[in-house]
Amino acid sequence: MALPMSADAPTDICAIVRALNAGDMRTCARLITRIERSEPNLVPLLQALYRAGGHIRIVGVTGSPGVGKSTLVSKLVAVWRKRGLRVAVLAVDPSSPYSGGAVLGDRLRMKEHSCDEGVFIRSMASRGQLGGLAKAAGDALTVLDAMHWDVIVIETVGVGQSETDIMRHASVVVLLQTPMGGDDVQAAKAGITEIGDIFVVNKSEHPEADHTVRQLEEMITLALCLHPEKTWRPPVVKTRATHGEGVADLAGHIDGCFAHLAAQPETARLQLRDRARHRVGELLHYMLEQRLRSGVGLLPENLIDSVVARASDPYALAAGLLARMD
Amino acid sequence: MKRETDYGYQIKPVYTPKDIEGFDYQRALGDPGAYPYARGYHETGYRSRMWTQRMTAGLGSSSDANKVLKKYREMGQRGGMQVIHDRVSCSNIDSDHPLGRREAGILGWPGSSLLEFEELMEDIPLTGQSITVLGSSAPSPLRLAYLIVLAEKRGVALSEIHGSVMESPFENYMGQTDVQPLELNLKLFLDVCEYVIRNKIRMRAAIISQHFQESGGNNAQALGVVLSMLKEICGRLIDERGLDFDDVATLPYELVTVGSRFFEEIAKIRALRRMWAKLAREHFKAKKEKSCHLLIAVHTSGRTMTYQQPLNNIARCAIQTLAGAIAGCTALDNATFDNAHAEPSELAARMSLNTQHIVAVETGATDVVDPLAGSYFVELLTDKVEEEGYKMLAKIDELGGMIAAVRKGFITDMLNQEANKKFLEIERKERLVVGVNHLVIPPDEEFEVPIQEVPPDSNAESIARRMEQWKKTRDQAAVRERLSRLHGDAKKGDRFNLMPAIIEAVRVYATAGEISGVIRMARGLSYDPFEMIECPFELHQTACA
Amino acid sequence: MNAGTGIKVIVTMIGLDGHTTGAETVSMILRDAGIEVVYLGCNQTPEMIVDAAVQEDVDIIGISSHAANYDQVIQVVNLLRAKNIGDIPVICGGNIPRSRFGSLKGSGIAEIFPPGSSSEAIVGYIVNNARKAYAAPIPEALRAS
């Protein structure tokens, strides 16, 4: 079996696609629930949606808890709405590692867009689905893609690998942080310039704000020296999300980043290839895990014991498992 | 069952002189009327000044609330009146706002204009009793303006009026919210305080720990939080507004919740007096002795008023009132036995007021000052709660003070955790509450509480419609002109005092929604906190420059 | 696995009610039972709550009411029915007098949890009565053709 394509697939994919194309929020909302529950019979639909999609701007927004992501996203949505754009937001929050439950509070800060037909907001708990978080988010984006939004925002807490992986679904990634002292910036330096296309220093009224901006600029300069092949210099934007200050400026930079991609077809092509490769990898990983869980690939306990006793080793065992899967 | 204070101190079966070894009477307590004031501010206690015996009013229209106030006077309300806003005016929106018209007058007094205040106070004197109007921080400047303008209209000297209409900006983080951002509430609160001090108006500012405790915070946390609030507010009035501490110290009063754990509640209030006196003298270098006095009003705990077997609450209220009396309070208002069901009915209000009078005249508790002084147990508890309170104060200081602690989410996190802990303690029967998890009776045997309903002709919609109609009858040009001035003033920075412009706007009957709206606009916020309505006025350009 | 795994609920205040403690305590209890809570906080209108219920595709709605604003609570039920999603149960907690229970339930409120309700009772009710998204009726648009 190459793909977990199920016999009881939704009978009328066309009807669902039509509903999504027509912007039906309930259909979309229900599909995301089914994705969260990893219903296997969704695959043919997702395949169809994927093949027809790919036209919508996806913006990722990430940053540590408490930096003001949801508030900033809400104000960003307001800027886009004033321009008449229709926006979907997928807000991913962590689940409790103890109970698997979650309190999802992003909607709380996006109140101003309630009851606006041009905005769709969906919260997603990070461990709410049986499969990988990034895969589920990718599938949800595929569904949203079919609804002809003008922009889709995906927001996550920027800690942990799975959250970072989610950002790979976005064309433009906005990395948010609050002002901090010099040492903190140095500590945070490792890696952050890798994923951000735009840097935001939120809470611009903070006395350390300008200092943080300078530090980021320096880091970006350094990163560009190390990677001269990069053609986009990430801008650093100051915002005060609670007051909406600097948000229009940020929206402008987001446009600028998309315009840059449009003007640099080779860069855009590389990015799309990278995203596709990543998506395939994600699915592969997910499918392997499903297979292992399904029992087909389950390890006999005595083999584990042989690894413990060092009579065998994890490499041999893993290779053996993979070989047994065909 | 737990035998420990709500902040976790294990209580022993017996206390002896050993528990307070080294106890130094003068240092620890002093005589009543002497530093550090643990025993109170008056040498002869209630013999020289009885506590203010009051009940909370506010339901339906302003005229309805006016009738209730008059009724309370008949019932024996002495020394002061207390009115609480409805949720609409708490948020500084008007009754005719789309959200306002759903809830005007439902949970309090619909106080969004001077007109409403005039109706509320009809035939009620502004002097001879303290005037207390509370509900949330946001309308503080409006309440002061109402009072100033009405006093003028009645030809009453402002110096003759006393009471409290200002509320600290921290309540939004203590389980009692309004929609105004902290920065704005803080700015306006400082404006009102500065105005009151500079004009020598005898209005006090409520620095309230009531909501913190009613939302679940424990006694030691409450002490730490109160002291930090006082420190932050007094500090800012001195640093930012250039005031002298001895003037600032005439301002605050503390509204503290008293629950049923009798000795612990008394210890808390004694400790609070001592802690404030030390803060005033040691930190703020008070020059006047009076600056070491913090007026303490007691609210008997609404949180402890159970939904089940509501008549039990009469007993709880009595125990708490006695605790408040013995602790030595300046004013006392009671949660009523129907608290968990509705706004106070006439019967419930009468029971609560009578409870105060029974404690005052029948028990002998008012004959002697601080009667529990010298009790090994109570002195130890006073020291303990003070010690734990100081730990909390230090923690908040470390975070950069109260405002920084609020911004970092420290206060709300602490409160949520504590509320959760209290919930679980009851659920696990570690704390017993009669009727709730102990001696429970089936619902069909419950006493049915008479419910105080909003009078039928003053439902929210009719209050809203009245306001809509009335707004059109005002001098529109004057309203626009005053609001334009206010808008202009509000652009002059955080330290520019908006009180004069607010008073002028109130004088021409500009409403809470309008006044707050133009201030918000000047600060780059939306006119309507809920973004449902636009500013109805074209503001003068000159004023906006 | 926890009793509430797979269930998604809205917990919200309604109208201008500012007493947040109850709603926040309940949210934590539900989270600890494995339930996913979409917490809407204060100042939600019935329209906003129903809008969130659609977009979040929740299985039950819990409203905390300490402000005697029952008209708005009932309005939530009416709006859900008007949108054909009346199968999402609406439950209510807070200081609601028992004498009101009859009329509230008559208006479609599924259950009421007065102060002193145990977490077991609340979680138990939700687990047994939440709309199961699997079994729930397919939305109109999905059904068409």
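Colleague: Which residue just after helix 4 of chain A takes a positive phi?

Modeller: This is a predicted model, in which local features need pLDDT of at least 70 and side-chain atom pairs count only at pLDDT 80 or more, while totals for chains, interfaces and linings use all residues. Residues are numbered from 1 along each chain as its sequence is written, and chains are lettered from A and ligands numbered from 1 in the order in which they are written. Helices (H or I, at least four residues) and strands (E, at least two) are DSSP runs, numbered from the N terminus. Just after helix 4 of chain A, the residue with a positive phi, at about 85°, is A:Gly84.

Colleague: How far apart are the end C-alpha atoms of helix 4 of chain A, and what should the helix span?

Modeller: The expected span of a helix is 1.5 Å times one less than its number of residues. Helix 4 of chain A covers residues 69–82, and its 14 residues should therefore span 20 Å. The model agrees with that expectation, since the end C-alpha atoms are apart by 20 Å.

Colleague: How many residues of helix 4 of chain A are buried?

Modeller: A residue is buried if 20 or more other C-beta atoms lie within 10 Å of its own, exposed if 12 or fewer, and partly exposed in between, with C-beta atoms placed from the backbone. The buried residues of helix 4 of chain A include A:Leu72, A:Val73, A:Leu76 and A:Trp80, and A:Lys69 and A:Lys75 are also among them. The helix is mostly covered, and of its 14 residues the number buried is eleven.

Colleague: What percentage of the contacts in chain A with a separation of 6 or more comes from residues 24 or more positions apart?

Modeller: Chain A has twelve helices and eight strands, and 39% of its 326 residues count as buried. Two residues are in contact if their C-beta atoms, placed from the backbone, lie within 7 Å. Among the contacts in chain A with a separation of 6 or more, the part from residues 24 or more positions apart is 76%.

Colleague: How are helix 1 and helix 3 of chain A oriented to each other, and which residues meet there?

Modeller: Helix 1 (residues 13–21) and helix 3 (residues 43–52) of chain A pack at an angle of about 50° with their axes 10 Å apart, where axes are lines fitted to C-alpha atoms, for helices over the stretch in contact, and angles run from 0 to 180 degrees between N-to-C directions. Angles under 35 degrees count as roughly parallel, over 145 as roughly antiparallel, 65 to 115 as roughly perpendicular and the rest as oblique. A:Ile13, A:Ile16 and A:Val17 of helix 1 of chain A meet A:Pro44, A:Leu45, A:Ala48 and A:Leu49 of helix 3 of chain A. The orientation of helix 1 of chain A to helix 3 of chain A is therefore oblique.

Colleague: How are helix 6 and helix 7 of chain B oriented to each other?

Modeller: Helix 6 (residues 140–154) and helix 7 (residues 182–198) of chain B pack at an angle of about 30°, and their axes are 8 Å apart. Helix 6 of chain B and helix 7 of chain B are therefore roughly parallel.

Colleague: Where in chain B does B:Pro36 lie?

Modeller: A cis peptide bond joins B:Tyr35 and B:Pro36, with omega about 0°. B:Pro36 lies in the loop between helix 1 (25–28) and strand 1 (52–54) of chain B.

Colleague: Is B:Asp123 buried or exposed?

Modeller: Phi of B:Asp123 is near 60°, a positive value in a residue other than glycine, and B:Asp123 has its place in the loop between helix 5 (114–120) and strand 4 (130–134) of chain B. With 7 other C-beta atoms within 10 Å, B:Asp123 is exposed.

Colleague: Which helix of chain C gives the most to the side of chain C that touches chain A?

Modeller: The contact takes 31 residues from chain C and 31 residues from chain A. Helix 1, strand 2 (36–41), helix 2 (46–56) and helix 6 (140–143) of chain C each supply at least two residues of the side of chain C that touches chain A. With seven residues, the element of chain C that gives the most to this side is helix 2.
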